[in-house]
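Subject: Structure handover

Hello,

Here is the structure for you to look over. My notes on it follow below.

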Amino acid sequence: MYSPRTNFNERQRGDLIFFTDPSSGMLWHVGILLDASTMVESWPYAVQIHSIYSGRGNIAGVKRVFA
């Protein structure tokens, strides 16, 4: 089932947030939102909780997997 892009301002817990590499523009990281500004992610070498503004790259968009 196709999941359309979610408006960034309507993001919520459980949405996936995607990041691009600032130098190449390619998607290179994804996190799962815990709330509008915090995500859980796997970043070498641990699962961590960080702000979505913690420097993982440029925010490319948000997708809702479960409606």
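Six strands make up an open sheet, ordered β1-β6-β2-β3-β4-β5, and the pairing is antiparallel. The edges belong to β1 and β5, each with a single partner strand, so one side of each has no neighbour in the sheet. Strands (E, at least two residues) are DSSP runs, numbered from the N terminus. Two strands pair if DSSP finds at least two bridges between them.

This is a predicted model: local features need pLDDT of at least 70, side-chain atom pairs count only at pLDDT 80 or more, and totals for chains, interfaces and linings use all residues. Residues are numbered from 1 along each chain as its sequence is written, and side-chain values use heavy atoms, with hydrogens and water left out.

Next, one pairing. β2 and β3 (residues 27-35) are antiparallel, over five bridges. Phe 18 has Val 30 in β3 as its bridge partner.

Now the salt bridges (a side-chain nitrogen of Lys or Arg within 4 Å of a carboxyl oxygen of Asp or Glu). There are two.

Asp 15 bridges to Arg 64, with the closest N and O atoms 2.8 Å apart. Asp 15 sits in the loop between β1 (5-6) and β2 (16-20), while Arg 64 lies in the segment after β6 (58-63), 49 residues apart. Asp 15 is buried at 1% relative accessible area; Arg 64 is partly exposed at 22%. Buried means under 20%, exposed over 50%, partly exposed in between (1.4 Å probe, protein chains only).

Glu 41 bridges to Arg 56, the closest N and O atoms being 3.0 Å apart. Glu 41 is in β4 (residues 38-43) and Arg 56 in the loop between β5 (46-51) and β6, 15 residues apart. Glu 41 is buried at 3%, and Arg 56 is buried at 9%.

Best wishes

Methods:
Helix = DSSP H or I, 4+ residues; strand = E, 2+ residues; numbered from the N terminus.
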